[in-house]
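Have the sequence and the coordinates open as you follow along.

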Number of protein chains: 2
Amino acid sequence: MALIVQKFGGSSVANPQRIKEVAQRVARVRKAGHQVVVVVSALGDTTDELLQLAAEVSGNPSDREMDMLLATGEQVSSALLAMAIHGLKLKAISFTGAQVGIVTDRSHTEAKIRKVSAQKIKQALSRGNTVIVAGFQGITEDGEITTLGRGGSDLTAVALAKALDARICEIYTDVEGVYTADPRVVPNARKLPAISYDEMLEMASLGAQVMQARSMEMAKKHEVRLHIRSSFSRRTGTIISKEVKAMEDVVVSGVTVQKDEAKVTICDVPDRPGIAATIFTRISDSRVNVDMIVQNVSRTGYTDVSFTVARPDLKRVLRAARRVASEVKAGRVTHDDGVAKVSVVGLGMRSHSGIAAKMFQAMAKESINIEMISTSEIKISCVIRKDQAVRAVKAIHDAFGLDKLGVKPITEKAAKRK
Amino acid sequence: MALIVQKFGGSSVANPQRIKEVAQRVARVRKAGHQVVVVVSALGDTTDELLQLAAEVSGNPSDREMDMLLATGEQVSSALLAMAIHGLKLKAISFTGAQVGIVTDRSHTEAKIRKVSAQKIKQALSRGNTVIVAGFQGITEDGEITTLGRGGSDLTAVALAKALDARICEIYTDVEGVYTADPRVVPNARKLPAISYDEMLEMASLGAQVMQARSMEMAKKHEVRLHIRSSFSRRTGTIISKEVKAMEDVVVSGVTVQKDEAKVTICDVPDRPGIAATIFTRISDSRVNVDMIVQNVSRTGYTDVSFTVARPDLKRVLRAARRVASEVKAGRVTHDDGVAKVSVVGLGMRSHSGIAAKMFQAMAKESINIEMISTSEIKISCVIRKDQAVRAVKAIHDAFGLDKLGVKPITEKAAKRK
């Protein structure tokens, strides 16, 4: 008998029929003798409907009241799932985040979990219940209701899996798992049976939208084994854990592409200590997340500093960039919003050479020009023209043979063994 | 500066526009220098929508989970009202029943309030907030969310008015106040400026659907002054308090009619001590509320026992009546679902004679036959044929001159002075 945490997102509990299907899935695991703690998001469109109501009563609703409002969505789906499980003659009990003691700081709408008390859940489990916890929410020490921000239900699930020492934390979503590339872009992309936290973190920040980086980081920190899988099939998905033995021979796990990028260059920046710090402090103050940063060696006492941002942030970042350019006595600021970023990710890079060369060759064969390059221990990213992105991803995917990974799919049983 | 509790029902907060109107109403009272605690029901159809969702996932949802589900409705409207008040540049803060410490027993879906801790509300008020409390809900000592059953938000408001020693508890509804008769039945019915708890209790149980008897009883017990008024106008409604001085000369406050009645008679009941107790214990066990009970003197050692019930309960009560008739060796059980009950209610009856005679004469003039009569200190009820009910009410209303009550309407100002 193991304890399993299962998290179901909004599309998995979009309507009463789906909720009943989730109940049946939970029942199968219960009948196999396991204990189950379920974390649910709000029903499909609920959050949007609540946001719409808020927008209609107020142009600028307070964060505290938004949390009061939005936290109800997950409370509704939790209660409904408990009822649906009761319908299958199994014991179940739902709790709000406040009730199970998911204690957060006071940052309304993006609260951070401070601690989780597992006692109430353990007690309910010991009485034979499936325990359902409203995701995305918590409570402060002084009894204020908070929400955890985007991807908050994943965070709830990971935090509970840690607090309860669960065998695995299953994240049910509308995709079958993590793929070597986006299947809509690369039709022969393969589902990865397993991947490491670090690779997944690189993938997540690069646009593989299965799980937010924040939850992944928490899972990595506490070594919570994750299983990303579809709520619409019984197939095994992708296991995410610390190091993936079966993957040692696999150099590259996936190729990702981000098309919604813009490139900004501050020209002729004086090459003095502290200048880069000034530039990126000012830009961070404008609340824009900078992605790649590239600065080449200086040969004249001046250098060009380039970085990429999400395209919707371009206007804001340009204002900040121009101000700081003038402050540090740099030259003009140029930008380009016709770029994309392609990346390869893989733990294997750490011990294999030639990965970058292979990637660059693949693009060269397609006559694709590389405008910027940036690398980390397990990732290589290139900025290229946006209209060449799809060709680039396919070429790289083929070059690394990702369509024919030699790894056997792991079975459901193996996946659940800790 | 006074503290005023205001309760808004579902129709008063049916949509964002209405919520903004409520916010404006609250703002006016705030700007007049008063402190305001607002109790809100769920938005218009919310509760029905949640019930529908529950019905779709489960044929027989548990009471505990129903409470988890339904309590969200009032939390949503509370948060939205707080946002709307913020939009008027006034401080406001919303709380769930749990957060303000409305502690109940464990009877899910019909919990009883055990105690109310006013501390959190007082603190928030002292910081200049309008405090909004989700109605209809509470929390048990061990942290379970409960709801208070039908009319629960009225109960919340009355309980808070008591705990906070409010000057008045305003119940906003979709009617202008309490009338001498149902204006849809008696077009020249007048709004009563004031009425006593006892009269209102008789009216409430007789079909004047402005407030549930349960909340009225709590208001009476704690002498919480109520003001029943419309959320769609600024007009003064009806004040409900212990004794209404201005009303001393008014013998009868109102005439009510209940058309959805059925009459049951158990014939030839042995006239022995304890028999009535047995009969009504059995009938109460069938969970039917019996209304009027009439038993005349026995002259043969046997008597007929009649009572009325709400028509939807007739089938159930007949089964119980037949069983108990056989148990106590009574005769057959007859029933009649073509009856109505008309009543006059008035504190003045206690000191005035001839009220019953006047009522009976009014009906006699209309050739209306009276089938059953029952009286209390401040009420006289008659069962008559249903198709004569409207004529009876109009005739009685006229006979007591209720269309030309000599009482001056009390002003808003006077109404609010405790």
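Q: Leaving aside its neighbours within four places in sequence, which residues is Ala356(B) in contact with?

A: Two residues count as in contact if their C-beta atoms, placed from the backbone, lie within 7 Å. In this predicted model, Ala356(B) is in contact with Thr375(B) and Ile380(B), once its neighbours within four places in sequence are left aside. Ala356(B) itself sits in helix α10 of chain B, residues 355–365. Helices here are DSSP runs (H or I, at least four residues), strands are runs of E of at least two, and they are numbered from the N terminus.

Q: Before we go on, how should I read the numbering and the confidence limits?

A: Residues are numbered from 1 along each chain as its sequence is written, while chains are lettered from A and ligands numbered from 1 in the order in which they are written. As the model is predicted, local features need pLDDT of at least 70 and side-chain atom pairs count only at pLDDT 80 or more, whereas totals for chains, interfaces and linings use all residues.

Q: What are the confidence scores of the model, and where in chain A does pLDDT stay under 50?

A: pLDDT is the predictor's confidence in each residue, from 0 to 100. Chain A averages 89, and 94% of the residues score at least 70. Over residues 407–418 of chain A, pLDDT stays under 50, and the model has 22 contacts beyond four places in sequence for that stretch. The model scores ipTM 0.79 and pTM 0.82.

Q: Is Ala356(B) buried, partly exposed or exposed?

A: The scale counts other C-beta atoms, placed from the backbone, within 10 Å of the residue's own: buried at 20 or more, exposed at 12 or fewer, and partly exposed in between. Ala356(B) counts as partly exposed, because it has 14 C-beta neighbours inside 10 Å.

Q: And where does Val185(A) lie, and what is it in contact with?

A: Val185(A) lies in the loop between β9 (168–173) and β10 (194–196) of chain A. With 18 other C-beta atoms within 10 Å, Val185(A) is partly exposed. Beyond its neighbours within four places in sequence, Val185(A) is in contact with Val257(A), Val390(A) and Val393(A). Val393(A) is 208 residues from Val185(A) in sequence, but their C-alpha atoms are 7.8 Å apart in space.

Q: How is chain A divided into domains?

A: The bounds come from an automatic or database domain assignment. They give domain 1 (3–247) and domain 2 (255–403) of chain A, whose C-alpha centres lie 33 Å apart. Across the boundary, 17 residues of domain 1 of chain A are in contact with 16 residues of domain 2 of chain A. Helix α6 of chain A (residues 197–205) gives four residues, the largest share of the domain 1 side.

Q: Which rotation superposes chain B on chain A?

A: Two copies of a chain are related by a rotation about an axis and a shift along it. Copies are superposed by least squares on the C-alpha atoms of residues with pLDDT of at least 70 in both. Here a rotation of 180° with 0.0 Å of shift along its axis superposes chain B on chain A, with an RMSD of 0.1 Å. That is the relation of a two-fold axis. Of the residues of chain B, Thr72(B) comes closest to the axis, its C-alpha at 2.7 Å.

Q: How many residues of chain B are in contact with chain A, and which helix supplies the largest share?

A: The contact joins 29 residues of chain B to 29 residues of chain A. The largest share of the chain B side, 13 residues, comes from α3(B). Of the 24 residues of α3(B), 22 are buried. The copies meet through the same surface, because 100% of the interface residues of chain B are also interface residues in chain A.
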